[in-house]
Amino acid sequence: MPIEKMIPLMLGGVKDTLYMTTVSTLFAYLLGFPLAILLVLTSSGGLAPRPLLYRVLDAVVNIFRSIPFLILMILVIPLTRLIAGKAYGSTATIVPLVIAAAPYVARMIESSLLEVDPGVIEAAQSMGASIPTIIFKVLIPEAKTSLIVGATISSGTILGYSAMSGAIGGGGLGQIAISYGYNRYQSDVLIVTVILLIILMQIIQLVGMYISRRTDKRIRE
């Protein structure tokens with residue numbers, strides 16, 4: 001493909017990919033964060049044990065995490081059409097991206113919160129702190145560095161999902177790679193899209209790890 005045609009094509013692909021990744025990550029965290037807190041609170045060793053509720057939430061998370069993204073994307077086409085008005089394109093792809101990413105995000109957050117030293121939580125309880133206070137003043141601040149690392153990993157995973165969505169008209173660099181690089185046998189386009197995806201992944205990784213190091217009390221001390 002001539003360079004004068006490839007540049008605007010790739011710029012549009014990068015823009016759409018970043019749009020899908022950013023918006024999907026935001027909504028995945030809006031859904032995943034409360035779900036993770038509920039999992040932590042209602043577990044057998046949580047602050048408000050609810051075995052039945054925990055088993056239900058745990059099962060829902062595991063079921064959705066078990067469905068491959070491309071299959072999930074096809075399954076939720078009716079919901080995607082209902083919300084976005086169509087089943088293809090960058091905006092429409094956000095719907096299955098959020099559904100796929102939210103359970104993954106919930107597990108990442110749950111893991112981070114469970115890493116908090118139980119002694120810190122017990123100290124807060126002994127001082128009469130309420131559950132909301134322990135969550136927002138103890139658990140989340142103490143797990144901040146781990147949460148940022150988890151957000152970095154989750155963003156990279158969602159970026160990968162957005163690229164896979166190109167196989168069925170999801171937009172972004174993934175669709176460019178399929179439409180031009182695979183279907184039209186334009187290997188130069190395929191190589192460039194792969195390079196751009198690698199660069200985007202590395203930027204996410206570098207920025208996320210930099211922020212996590214800046215917030216790590218162990219390093220700062």
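Modeller: Contact here means heavy atoms within 4.5 Å. Count the contacts in the protein chain with a separation of 6 or more: 72% of them join residues 24 or more positions apart. This is a predicted model, in which local features need pLDDT of at least 70 and side-chain atom pairs count only at pLDDT 80 or more, whereas totals for chains, interfaces and linings use all residues. Numbering runs from 1 along each chain as its sequence is written, and side-chain values use heavy atoms, with hydrogens and water left out.

The whole chain comes next. The protein chain has 11 helices and zero strands. Both are DSSP runs numbered from the N terminus: helices are H or I, at least four residues, and strands are E, at least two. The C-alpha trace spans about 70 × 45 × 25 Å along its principal axes. Of the 221 residues, 41% are buried. Buried is under 20% relative accessible area, exposed is over 50%, and partly exposed lies in between (1.4 Å probe, protein chains only).

Now the pocket itself. I take the second largest pocket, with a volume of about 240 Å³. A pocket is an open set of points on a 1 Å grid over the protein atoms alone, with protein on both sides within 12 Å along at least five of seven lines; lining residues have an atom within 4 Å of a point. Grid points are joined across faces, edges and corners, and the volume is the space filled by probe spheres set on the points. The lining of this pocket holds 13 residues. Val 40, Gly 45, Gly 46, Leu 114 and Ile 121 lie nearest the centre. H5 and helix H6 (118–126) each supply at least two lining residues. H6 gives the largest share, four residues.

H5 covers residues 90–114 and includes Thr 91. Thr 91 counts as partly exposed because its relative accessibility is 42%. From Thr 91 to Pro 68 is 23 residues along the chain and 20 Å between C-alpha atoms.

Next, two aspartates. Asp 16 sits in helix H1 (residues 3–42). Its relative accessible area is 28%, so Asp 16 is partly exposed. Beyond its neighbours within four places in sequence, Asp 16 contacts Ser 90 and Gly 172. Val 56 is 40 residues from Asp 16 in sequence and 36 Å away, C-alpha to C-alpha. Asp 188 belongs to helix H10 (residues 187–215). Asp 188 has a relative accessible area of 29%, so it is partly exposed. Its C-alpha is 9.8 Å from that of Ala 177, 11 residues apart in sequence.

Key
On a 1 Å grid over the protein atoms alone, a cavity is a set of points where a 1.4 Å probe fits but cannot get out, and a pocket is an open set with protein on both sides within 12 Å along at least five of seven lines; lining residues have an atom within 4 Å of a point.
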